[in-house]
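Subject: Predicted structure, handed over with notes

Hello,

Please find the structure below, followed by notes on what was found in it. Keep the view open while you read.

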Amino acid sequence: MKQVLEFEKPIVELREKISELKKLTKGSEMDLSSEIQTLEKRLEKLESDIYSNLNPWERVQIARHANRPTTLDYVNLIFTDFIELHGDRLFGDDPSIVTGIAKFHDMPVTIIGHQRGKNTKDNIYRNFGSPHPEGYRKALRQMKLAAKFNRPIITFIDTKGAHPGKAAEERGQSEAIARNLMEMGALQVPIISVVIGEGGSGGALAIGVADQLHMLENATYSVISPEGGASILWKDSKYAEKAAESLKITASDLKKLQIIDQVIPEPQGGAHRDEQNQAEQIAKYIKQSLTELKQLTPEELIEKRWEKYKAIGLTE
């Protein structure tokens, strides 16, 4: 079943009315073409009005949409010759982070991304996209391998946050995240990150220290979820909508704060409406970034990366 978000219900209801009228005209002499045309124009305007005026909380809902494309969806649509690589060589493999090598326009690249499921069984297997320490250590292993063979690194961010459970803490969750932040800052190859869904806390940042960081139009990127922020600030998660506004978690807000480099447009209604189109948009921005970054020496890459993070939060 398709997931219908609360603010989309008027659109769905109007679509159903149009569908009913079309069924009535089939096999009958009734001519309702004028009424159908009027309703279709109203539907087009309603969709434009709703989707062009989304508030932060509504964008959070789109970012969490069950049918939203995942890292592996984009890998299959954007890259060729993908080979997934597993394990951190210390503890085990974590399916909530996928890593591997592939080709982008015949250029060898390393791919790393959070991976959530699209149904209950897959979500359990992927731990709902919340990595354990071995996931971050697997990612770091592939980053170092990329640096050794001079391959650009492309990461896809899509997680509510790192797994907060006891086992993750026992295996060094905070150390694994901190080490990734430190190591990524010094890697001498281009790093491009794209926030494709939710970007939550250190769990997102652990694969997001990049030379260029882009966000899909309806993605979110924040130190904490709106529900978590509301629980801390107002002692009640029902204020999540208010928290989403206050946290400045949308792509447009983060562009103003110089936290991200580019906002990647989405099809009207969200990336899940047209995966192929969305993949093409992402590929275009990755290509632009690689063209720019490949012209820099390793020393220039690191220096510009440092300058980029020093400038975060400075507005004109």
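Start with two phenylalanines: F79 and F104 are both buried, where buried means under 20% relative accessible area, exposed means over 50%, and partly exposed lies in between (1.4 Å probe, protein chains only). The model is a predicted one: local features need pLDDT of at least 70, side-chain atom pairs count only at pLDDT 80 or more, and totals for chains, interfaces and linings use all residues. Residues are numbered from 1 along each chain as its sequence is written, and side-chain values use heavy atoms, with hydrogens and water left out.

Aromatic rings

How many aromatic pairs does the structure hold? There are five. Rings of Phe, Tyr and Trp (its six-membered ring) pair if their centres lie within 6.5 Å; planes under 30 degrees apart are called stacked, over 60 edge-to-face, and the rest tilted. The ring centres of F79 and F104 are 5.7 Å apart and the planes are at 55 degrees, so this pair is tilted. F79 is in the loop between α4 (71-78) and β1 (80-85), while F104 is in strand β2 (residues 97-104), so the pair links distant parts of the chain, 25 residues apart. Helices (H or I, at least four residues) and strands (E, at least two) are DSSP runs, numbered from the N terminus.

F79 also pairs with F156, edge-to-face, at 6.3 Å centre to centre and 80 degrees between the planes. F156 belongs to strand β4 (residues 153-159), so its pair with F79 ties together parts that are 77 residues apart in sequence. Like F79, F156 is buried. Ring pairs link Y74, F79, F104 and F156 into a cluster.

Two rings have a charge over them, meaning that NZ of Lys or CZ of Arg is within 6 Å of the ring centre and within 35 degrees of the ring normal. The charged end of R171 sits over the ring of F91, 4.2 Å from its centre, and that of K308 sits over the ring of Y309, 6.0 Å from its centre.

Nonpolar cores

A nonpolar core is a set of buried Ala, Val, Leu, Ile, Met, Phe, Trp, Tyr and Cys residues joined through side-chain atoms within 4.5 Å. Which residues of the largest core touch the most other members? This core has 53 residues, and those residues are Y74, F79, M143, F156, L216, Y221 and I282. Helix α13 gives the largest share of this core, seven residues. Another core, of 14 residues, lies apart from it and includes L5, L14, L43 and L54.

Leaving out residues up to four places away in sequence, M143 touches I112, I153, N180, M184, L187, A206 and I207; contact means heavy atoms within 4.5 Å.

E266 is in the loop between β8 (262-264) and α13 (275-293). Is E266 buried or exposed? Its relative accessibility is 10%, so E266 counts as buried. The E266 side chain reaches the backbone nitrogen of N218 at 2.7 Å. Beyond four places in sequence, E266 touches R68, L216, E217, N218, A219, A271 and Q278.

T220 lies in strand β7 (residues 220-222) and is buried, at a relative accessible area of 5%. Among the residues that T220 touches, again not counting those up to four places away, are R59, V60, V195 and I249.

Two positive phi values

Most residues other than glycine have a negative phi. K248 has a positive one, near 55 degrees; K248 lies in the loop between α11 (240-247) and α12 (251-256) and is partly exposed, at 38% relative accessible area. Q258 has a positive phi near 65 degrees. Q258 is in the loop between α12 and β8 and is partly exposed, at 35%.

The whole chain

The secondary structure comes to 14 helices and eight strands. The radius of gyration is 21 Å, close to the 20 Å that the globule rule gives for 316 residues, so the protein is as compact as a globular protein of that length. That radius is taken over C-alpha atoms, and the rule is 2.2 Å times the number of residues to the power 0.38. The C-alpha trace spans about 70 × 50 × 45 Å along its principal axes. Of the 316 residues, 49% count as buried. Of the contacts with a separation of 6 or more, 72% are between residues 24 or more positions apart.

Regards

Terms used
A polar contact is a pair of N or O atoms within 3.5 Å; within protein, one must be able to donate a hydrogen and the other to accept it, and residues adjacent in sequence count only if both atoms are side-chain atoms.
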